Amino acid sequence: MVRSTSSTPSNPVLNLQNDSGSELARVQQDGKVGIGTAVPGTTLDVNGGLTVRGQESVVSSMTVLGAAGIGASGLSAGTLVVRSTSTT
């Protein structure tokens, strides 16, 4: 168990750093997780590329800022493309 002694929501409970002391990821007191950002604005905030393998589900809503593609490349900003490689 990792427990924080801070009562400030934005203080990290867990802070991962590289050998030079630069922050790589954090878990904050308020439950927000930041990867590549010291100031996560949502439950999971990733600054950089993201690869998800396996089954993905969006239960409520998803906002695409920029371009996103599944099975696609060379997309323009504001584009969401989902392509299936399945023949069934």
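Strands β1 and β2 pair in the antiparallel sense over five bridges; two strands count as paired if DSSP finds at least two bridges between them. The strands themselves are DSSP runs of E with at least two residues, and helices are runs of H or I with at least four, both numbered from the N terminus. This is a predicted model, where local features need pLDDT of at least 70 and side-chain atom pairs count only at pLDDT 80 or more, while totals for chains, interfaces and linings use all residues. Residues are numbered from 1 along each chain as its sequence is written, and side-chain values use heavy atoms, with hydrogens and water left out.

**Two hairpins and a sheet**

Back to that first pair. β1 and β2 make a hairpin with five residues between them, and G21 in its turn has a positive phi of about 90°. Along the pairing, L14 has V27 in β2 as its bridge partner, and L16 stands opposite A25 in β2.

A25 also turns up on the other side of the story: it stands opposite I35 in β3. β2 (residues 23–28) and β3 (residues 33–35) run antiparallel and are joined by three bridges. They form a hairpin too, with four residues between them, and here G31 in the turn has the positive phi of about 90°.

Put together, four strands form an open sheet in the order β1-β2-β3-β4, with mixed pairing. β1 (12–17) and β4 (44–46) sit at the edges with a single partner strand each, so one side of each has no neighbour in the sheet. From one strand to the next the twist averages 10°, taken between N-to-C directions of lines fitted to C-alpha atoms, on a scale from 0 to 180 degrees.

**The chain overall**

Among contacts between residues at least 6 apart in sequence, 1% join residues at least 24 apart; a contact is heavy atoms within 4.5 Å. The chain exposes about 7,000 Å², with carbon and sulfur atoms supplying 51% of it. These areas come from the Shrake-Rupley method with a 1.4 Å probe, and for residues only the protein chains shown count as cover.

**Side chains to look at**

| Residue | Relative accessibility | Class |
|---|---|---|
| L14 | 37% | partly exposed |
| L24 | 44% | partly exposed |
| E23 | 27% | partly exposed |
| R26 | 10% | buried |

L14 and L24 belong to a nonpolar surface patch with V2 and L16, and the four have about 340 Å² of accessible area together. Patches use residues with over 30% relative accessible area and no salt bridge, joining nonpolar side chains (Val, Leu, Ile, Met, Phe, Trp, Tyr) within 5 Å and like charges within 9 Å.

L14 is found in strand β1. Leaving out residues up to four places away in sequence, L14 touches A25, R26 and V27.

L24 has its place in strand β2. With the same exclusion of residues up to four places away, L24 touches L16, Q17, N18, G34, I35 and G36. L24 and A38, 14 residues apart in sequence, are 8.4 Å apart in space, C-alpha to C-alpha.

Which residue forms a salt bridge with R26? That would be E23, with the closest N and O atoms 2.9 Å apart. The rule asks for a side-chain nitrogen of Lys or Arg within 4 Å of a carboxyl oxygen of Asp or Glu, and by that rule the count comes to one salt bridge. R26 counts as buried because its relative accessibility is 10%, whereas E23, at 27%, is partly exposed.

Notes: Buried < 20%, exposed > 50% of the residue type's maximum accessible area, 1.4 Å probe, protein only.
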